[in-house]
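Here is a short briefing to read alongside the model. Take a look at the structure first, and then we can walk through it together.

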Protein chains: 2
Amino acid sequence: MAITLYELVGRNDLRFSPYCWRTRFALAHKELDFDTVPVRFADKRAIAFSGQERVPVLRDGDRAVADSWAIACYLDEAYPDRPPLFASRTERAMARLINEWADREVNPKLILLVVRDVYDNIDERDRAYFLETREKRFGTTLDALHAAREDRLPAARAALAPARAVLADQPFLAGDEAGYADYILMGACQWIRIVSPYAIIAPDDPVLEWRGRMLALFGGMAADAAALGP
Amino acid sequence: MAITLYELVGRNDLRFSPYCWRTRFALAHKELDFDTVPVRFADKRAIAFSGQERVPVLRDGDRAVADSWAIACYLDEAYPDRPPLFASRTERAMARLINEWADREVNPKLILLVVRDVYDNIDERDRAYFLETREKRFGTTLDALHAAREDRLPAARAALAPARAVLADQPFLAGDEAGYADYILMGACQWIRIVSPYAIIAPDDPVLEWRGRMLALFGGMAADAAALGP
């Protein structure tokens, strides 16, 4: 049965969701073929079959699985003959903690820097929805956030410090080879790269070198995606 | 050959260093017997043989290893017949990232709440050294930090959010059994518990239940240590 990934899309076919990128990498790691269905921010109907309103959603035959973490666990269970995302329960448990770290310490600092870029690059039909929900969430205007991004850049770079320290000594977060820990953080890096030319990661940061290795993986899957950043 | 752990000590034999606790748990996990040598903050001579000035230091026969992370890696290499701290290179790599997360996101927020408790509970001979280095590091007085700890409590609790999310679903950070990821964070929890009765972890926090499981491990090793907190 065919696998279909429902993923967020902006204008000009920009596929920028950090969580959908985690799933793209997971599927590539598992050596599974998949099609994608682009879903606009406000187009909840397209994924109504999943019983919830957020992408990524994976459709695998009759099964629908939402949430990038649940999808990763599903893929290992459903395809045990393919390369494992988690070779042990301990690996999976620790990857989960890393997933929570990225969701709570990294992505929230990055979104403050690129949220207006996201707004600028989503479909016009999504803008009113996005503007209302985000200005309510952040308690300020997207323009005010954009104007303050230089001030917030140090905090965003500091949020990458745990990864930076590790990558100074080893090529990937998962060690000698890329693994799900890398896909988690690469989702964030690909997100900010796709929606914005703003150089959040400093040129001399080991994280940028690692990002280059991640862009090259799986035949340049991430490098080939439409992006506004270098 | 005997293994000796050189670890930080305060007055009344309080052994509170979060990094030394990581090593205590690592040694217990490896089922290795060890003696301890208490080292005061300012007593650099006691560990001069290690070529550096910080505890924990492990002395194993002729070998001296400093730094809790280096000690963990050493123990797995030197004692491959004992239970592994890291069953794969991927487990070790991810534990390293979790180690950096704790060092950079968790411990720096906790120290602001308990630094005066540490001062109150170190040997009198260490106090001038501690006061000078810490007030310089934090750019304010220990009393000012102590007075502001209620204000900083939410940030400290928020720093535990990644662990909290994981522990809502699984008994240990490393999964079904405790592992090095748990020892990393338990080092921090044991540190604040030993030096202070201040209830940093909320009573209804899953992290507190997990701490109870960690206190009970290895025959109550952590529960049996002298502590000011419950």
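Let's begin with one pair of residues: Thr4(A) stands opposite Arg59(A), which belongs to β3(A). Please keep in mind that this is a predicted model.

**Strand pairing in chain A**

- Strand β1 (residues 3-8) of chain A and strand β3 (residues 57-60) of chain A run antiparallel, joined by four bridges.
- β3(A) also pairs with strand β4 (residues 63-66) of chain A, again in the antiparallel sense and over four bridges.
- Arg59(A) turns up in both pairings: Thr4(A) stands opposite Arg59(A), and Arg59(A) in turn stands opposite Ala64(A) in β4(A).
- The hairpin of β3(A) and β4(A) has two residues between the strands, and in this hairpin Gly61(A) has a positive phi near 60°.

**Backbone details to check**

- Most residues other than glycine have a negative phi, and most peptide bonds are trans.
- In chain A, Val55(A) and Pro56(A) are joined by a cis peptide bond with omega of about 5°.
- Pro56(A) sits in the loop between β2 (35-39) and β3 of chain A.
- Chain B has a cis peptide bond from Val55(B) to Pro56(B), where omega is near 0°.
- You will find Pro56(B) in the loop between β2 (35-39) and β3 (57-60) of chain B.
- Asn12(B) is a residue other than glycine with a positive phi, near 55°.
- The loop that holds Asn12(B) runs between β1 (3-8) and α1 (18-29) of chain B.

**How the two copies are related**

- Chain B is superposed on chain A by a rotation of 180° with 0.0 Å of shift along its axis, and the RMSD is 0.0 Å.
- The two copies are therefore related as by a two-fold rotation axis.
- Which residue of chain B comes closest to the rotation axis? That is Glu91(B), whose C-alpha is at 2.8 Å.

**The interface between chain B and chain A**

- The contact draws 27 residues from chain B and 27 residues from chain A.
- Because 100% of the interface residues of chain B are also interface residues in chain A, the copies meet through the same surface.
- About 2,500 Å² is buried between chain B and chain A, with carbon and sulfur atoms giving 64% of that area.
- Met94(B), Arg96(B) and Leu97(B) together supply 25% of the area that chain B buries against chain A, more than any other three residues.

**Polar and charged contacts across the interface**

- Four salt bridges are found across the interface of chain B and chain A.
- Arg89(B) forms a salt bridge with Asp176(A), and the closest N and O atoms are 2.6 Å apart.
- Between chain B and chain A, seven residue pairs are in polar contact, both residues being at pLDDT 80 or more.

**What makes up the chain B side**

- By residue type, the side of chain B that touches chain A divides into 15 nonpolar, four polar and eight charged residues.

How values were computed:
Residues numbered from 1 in each chain as written. Chains lettered and ligands numbered in written order. Predicted model: local features only at pLDDT ≥ 70, side-chain atom pairs only at ≥ 80, totals over all residues. Heavy atoms only, no water. Least-squares fit on C-alpha atoms with pLDDT ≥ 70 in both. Contact = heavy atoms within 4.5 Å. Buried area = accessible area lost by both parts, 1.4 Å probe. Salt bridge = Lys/Arg side-chain N within 4 Å of Asp/Glu carboxyl O. Polar contact = N/O pair within 3.5 Å; in protein donor to acceptor, adjacent residues only side chain to side chain. Nonpolar A, V, L, I, M, F, W, Y, C, P; charged D, E, K, R; others polar. Pairing = 2+ DSSP bridges.
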